[in-house]
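Subject: Structure handover

Hello,

Here is the structure I said I would pass on. My notes on it follow below.

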Amino acid sequence: MKKMYAILTGDIVGSRRVETQKWLPHLDDALQYYTDNYDIFRGDSFQVAIPLEKCIEAIFFIKASMRCIEPLDVRIGLGIGEITYWDTHIKNSMGEALINSGEAFDRLDKNYIHVQSPWTEWNEQTNIILQLATELANRWTFNMAQTISTIIKNPEANQQEIAHLLNKKYQSQISTELGNASWQKIRIAIEYCTQQLLRQC
């Protein structure tokens, strides 16, 4: 069976409105959470190889990380496929995954997320689901985004522990932020699309 890889190609929305030194460390930290195999280029664009089982979660983690800096956001194209050549710089690597990622990014139009893989049915279904999930995520405030990024980075922590990490006095504040952010609905979408992807591979 062919080995499949996930490549994210993205750029930062609103980057010219915020000094680079304010948002670049957030982007670095978000990408480094999953891998050290990434490139940031043209000022505010990036490519990153993410493990298949984490590639959709990573989209929303990067989004949460950037939305912690108002008024920033991120647009991402996810490509799935083979890699025929790995370079020390991922943007110079070659293969189906990189082509699909670039084409997915080019097809974003007014959307913030688009996916492209060898499987047409998965593409169609996932693009519908993730575009709806993104509409919910586009409403995240700073507090919501900060809470979600902390939860993703600390998957074993309970809400009381998350509150402590964020210097919140009450666990109920975390529960309220997650509810307002529709995180449970988004998490279900992430998990479902990931499960369907892994079945294809």
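D109 is located in the loop that connects α3 (96-106) and β5. Although D109 is not a glycine, its phi is positive, about 55 degrees. D109 has a relative accessible area of 65% and is therefore exposed. The burial classes are: buried under 20% relative accessible area, exposed over 50%, partly exposed in between, with a 1.4 Å probe and protein chains only. Helices (H or I, at least four residues) and strands (E, at least two) are DSSP runs, numbered from the N terminus.

This is a predicted model, in which local features need pLDDT of at least 70, side-chain atom pairs count only at pLDDT 80 or more, and totals for chains, interfaces and linings use all residues. Residues are numbered from 1 along each chain as its sequence is written, and side-chain values use heavy atoms, with hydrogens and water left out.

R42 sits in the loop between β2 and β3. In that hairpin, which has 3 residues between the strands, R42 has a positive phi near 50 degrees. Its relative accessibility is 67%, so R42 counts as exposed. In the loop between α2 (55-67) and β4 lies P71. The peptide bond leading from E70 to P71 is cis, and its omega is near 5 degrees.

Now the sheet. It is open, has 5 strands in the order β2-β3-β1-β4-β5, and its pairing is mixed. β2 (38-41) and β5 (113-116) are the edge strands, each pairing on one side only. On average, neighbouring strands are turned by 15 degrees against each other, direction ignored. Two strands are taken to pair if DSSP finds at least two bridges between them. Axes are lines fitted to C-alpha atoms, for helices over the stretch in contact, and angles run from 0 to 180 degrees between N-to-C directions.

Helix α1 (residues 20-32) packs on the sheet and touches β1, β2 and β3 (45-50). The direction of α1 makes about 160 degrees with that of β2. Contact here means heavy atoms within 4.5 Å.

The strand pairings come next. β1 (residues 5-13) and β4 (residues 73-81) pair in the antiparallel sense over 9 bridges. A6 has I80 of β4 as its bridge partner, and I7 is opposite G79 in β4. β1 is also joined to β3 by 6 bridges, and these two strands run antiparallel. There, L8 has V48 of β3 as its bridge partner, while D11 stands opposite S45. β2 and β3 are antiparallel too, joined by 4 bridges, and F41 has S45 in β3 as its bridge partner.

How much of β1 and of β3 is buried? In β1, 7 of the 9 residues are buried, so the strand is largely enclosed by the rest of the structure. In β3 the count is 6 of the 6 residues, so β3 is largely enclosed as well. S45, Q47 and A49 point one way from β3, and F46, V48 and I50 point the other way; all are buried.

The last item is helix α7 (residues 171-180). Its buried residues are I174, E177 and L178. Seen down the axis of α7, these fall within an arc of 95 degrees (the arc of the directions from the helix axis to the C-beta atoms), so they line one face of the helix. An α-helix has 3.6 residues a turn, so residues three or four places apart point the same way. The buried residues of α7 pack against α5 (142-153), α6 (159-165) and α8 (183-200). Just after α7, S182 takes a positive phi of about 55 degrees.

How do α5 and α7 pack, and at what angle? The angle is about 105 degrees, and the axes of α5 and α7 are 9 Å apart. The two helices are therefore roughly perpendicular to each other. For reference, angles under 35 degrees count as roughly parallel, over 145 as roughly antiparallel, 65 to 115 as roughly perpendicular and the rest as oblique. On the α5 side the contact is made by N143, M144, T147, I148 and I151, and on the α7 side by I174, E177, L178 and N180. These residues divide into 5 nonpolar, 3 polar and 1 charged.

Regards

How values were computed:
Ala, Val, Leu, Ile, Met, Phe, Trp, Tyr, Cys and Pro count as nonpolar, Asp, Glu, Lys and Arg as charged, and the others, Gly among them, as polar.
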